[in-house]
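Dear colleague,

I am passing on the structure that you will find just below, and I would be grateful if you could look through it before reading my notes. The notes after it set out what was found.

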Amino acid sequence: MRFRPPTRVRAFTILEVMIALAIFFACVFGILALVSQSLRQARALRPVDLDARSAIAMLSLTNRLEEGPIPVEIKFAFEKENPGMILEGEIYQVETNGLFRVDFLVGGVSSGFEKSAVAVTNSVLLYRPESQQTIRSPILRR
């Protein structure tokens with residue numbers, strides 16, 4: 001038998017495979033960077049959700065309400081819980097049976113590309129029969 005030299009099989013060299021992988025990963029990382037930048041910009045465009053639900057909850061836990069501005073303790077607790085936001089409001093007695101209307105104004109700064117002030121107003125009715133009733137003079141009609 002005669003000895004034959006092995007035939008040459010055509011294949012990629014290790015250098016060609018490494019260059020192809022480097023190009024592939026450069027493209028993948030470029031696409032990932034573009035997607036993450038788009039998500040970051042979309043997140044920055046989202047408006048700030050301002051509401052007074054936590055302040056309303058704190059105020060609803062009180063048994064007594066008085067006409068006038070919202071108590072300072074509730075304002076401080078709200079502003080501590082929500083940094084960068086402010087709470088203003090007024091409490092009005094609607095009826096002498098203990099029904100009160102509370103008007104809230106919550107303000108803050110939006111976190112978009114352009115910083116701008118935003119404010120939301122809410123009103124809620126609370127029934128607190130234990131509250132001190134203020135005597136109102138009847139409305140005189142002519």
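**What was found**

The chain exposes about 11800 Å² of surface, of which carbon and sulfur atoms supply 62%; accessible areas here come from the Shrake-Rupley method with a 1.4 Å probe, and for residues only the protein chains shown count as cover. Please keep in mind that this is a predicted model, in which local features need pLDDT of at least 70 and side-chain atom pairs count only at pLDDT 80 or more, while totals for chains, interfaces and linings use all residues. Residues are numbered from 1 along each chain as its sequence is written, and side-chain values use heavy atoms, with hydrogens and water left out.

On confidence, the mean pLDDT of the chain is 79, and 82% of its residues reach 70 or more, pLDDT being the predictor's confidence in each residue, from 0 to 100. Over residues 137-142 pLDDT stays under 50, and for this stretch the model has 0 contacts beyond four places in sequence, where contact means heavy atoms within 4.5 Å. Where pLDDT is low, the predicted coordinates should not be read in detail.

As to the overall layout, the secondary structure of the chain comes to 3 helices and 4 strands, and from the N terminus on the elements run α-α-β-α-β-β-β. Helices (H or I, at least four residues) and strands (E, at least two) are DSSP runs, numbered from the N terminus. Buried residues make up 20% of the 142 residues in the chain; buried means under 20% relative accessible area, exposed over 50%, and partly exposed in between (1.4 Å probe, protein chains only). Among contacts between residues at least 6 apart in sequence, 51% join residues at least 24 apart.

In helix α2 (residues 53-60), Ala-55, Ile-56, Met-58 and Leu-59 are buried. Seen down the axis of α2, these buried residues fall within an arc of 160°, so they line one face of the helix, the arc being that of the directions from the helix axis to the C-beta atoms. They pack against α3 (72-81), β2 (86-93), β3 (99-109) and β4 (117-127). In α3 the buried residues are Ile-74, Lys-75 and Phe-78, and because they fall within an arc of 100° when seen down the axis of α3, they line one face of that helix. These residues pack against α2, β2 and β3, whereas the face of α3 turned away from its buried side carries the exposed residues Glu-73, Phe-76 and Lys-80.

A search of the whole structure finds 2 salt bridges, a salt bridge being a side-chain nitrogen of Lys or Arg within 4 Å of a carboxyl oxygen of Asp or Glu. In one of them the side chains of Lys-75 and Glu-88 meet at 3.3 Å, N to O; Lys-75 lies in helix α3 and Glu-88 in strand β2, so the pair ties together parts that are 13 residues apart in sequence. Lys-75 is buried, with a relative accessible area of 16%, whereas Glu-88, at 36%, counts as partly exposed. Asp-103 forms a salt bridge with Arg-101, the closest N and O atoms being 3.0 Å apart, and Arg-101 is partly exposed, with a relative accessible area of 34%.

Val-102 has its place in strand β3 and is buried at 0% relative accessibility; leaving out residues up to four places away in sequence, Val-102 touches Leu-59, Ile-70, Glu-90, Ile-91, Asn-122, Ser-123, Val-124 and Leu-126. Ala-52, found in the loop between α1 and α2, likewise counts as buried at 0% relative accessibility. Beyond its neighbours within four places in sequence, Ala-52 is in contact with Phe-104, Val-106 and Asn-122.

With kind regards
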